[in-house]
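This report describes a protein model from its atoms. The sequence and structure come first.

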Amino acid sequence: FFQAEDGIRDRDVTGVQTCALPILLSNLDSEVLVRVLSSSDYTSLELDWSKCMEDKGETFSTRSSMFNRIWEAPRPSSDEIRVSLADFDCRAVVNFGERYASISEPIYRLIAEDNAEQLADATSQLDELAQTVEVP
């Protein structure tokens, strides 16, 4: 997949016209994630979650460190189940989902506003591309 100069449309190696909207969305989503993870509100959320996990006997400083742990067994072990249940409980205790949404939603809106023209162009070109699709 080759990205066009305008970042919206190009042709793949076979010469078929493609749309770079997935690349655009992936890049914007990455930008949101970087901003979320670097925010002081998210740091506070992770700290609250980590303290809760510590109270349950687990020593993960962040949720991502929990996901990076390598489990040895092909099936969930009792340790993996214990950690998963502790995570489930701690996410509820610290209101992880709602707090994460309150941190990320304004950032998503800001990124969308800052890139509104590029997103509108990509959507328009995707609509044009969809018109060329033949349904058997």
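## Basis

This is a predicted model, in which local features need pLDDT of at least 70 and side-chain atom pairs count only at pLDDT 80 or more, while totals for chains, interfaces and linings use all residues. Residues are numbered from 1 along each chain as its sequence is written, and side-chain values use heavy atoms, with hydrogens and water left out.

## Overall fold

The protein has six helices and two strands, where helices (H or I, at least four residues) and strands (E, at least two) are DSSP runs numbered from the N terminus. Along the sequence the pattern is β-β-α-α-α-α-α-α.

Of the 136 residues, 28% count as buried; buried means under 20% relative accessible area, exposed over 50% and partly exposed in between, with a 1.4 Å probe and protein chains only. Contact means heavy atoms within 4.5 Å. Among contacts between residues at least 6 apart in sequence, 58% join residues at least 24 apart.

## Helix 2 against helix 5

Helix 2 (residues 40–55) packs with helix 5 (residues 96–114) at an angle of about 170 degrees, and their axes are 10 Å apart. Axes are lines fitted to C-alpha atoms, for helices over the stretch in contact, and angles run from 0 to 180 degrees between N-to-C directions. Helix 2 and helix 5 are therefore roughly antiparallel (angles over 145 degrees).

On the helix 2 side, the contact involves Asp 41, Tyr 42, Ser 44, Leu 45, Glu 46, Asp 48 and Trp 49; on the helix 5 side, Phe 96, Arg 99, Tyr 100 and Ile 103. These residues divide into six nonpolar, one polar and four charged (Ala, Val, Leu, Ile, Met, Phe, Trp, Tyr, Cys and Pro count as nonpolar, Asp, Glu, Lys and Arg as charged, and the others, Gly among them, as polar).

## Helix 6

Helix 6 (residues 116–131) has 16 residues and spans 23 Å from its first C-alpha to its last, close to the expected 22 Å, which is 1.5 Å times one less than the number of residues. Its buried residues are Leu 119, Ala 122, Gln 125 and Leu 129. Seen down the axis of helix 6, they fall within an arc of 130 degrees, so they line one face of the helix; the arc is that of the directions from the helix axis to the C-beta atoms. The face turned away from the buried side carries exposed Glu 117 and Gln 131.

## Two single residues

Ser 50 is in helix 2 and counts as buried at 14% relative accessibility. Leaving aside neighbours within four places in sequence, Ser 50 is in contact with Phe 60 and Ser 61.

Asn 95 is in the loop between helix 4 (78–93) and helix 5. Its phi is near 55 degrees, a positive value in a residue other than glycine. Asn 95 counts as partly exposed, at 35% relative accessibility.

Terms used
Angles under 35 degrees count as roughly parallel, over 145 as roughly antiparallel, 65 to 115 as roughly perpendicular and the rest as oblique.
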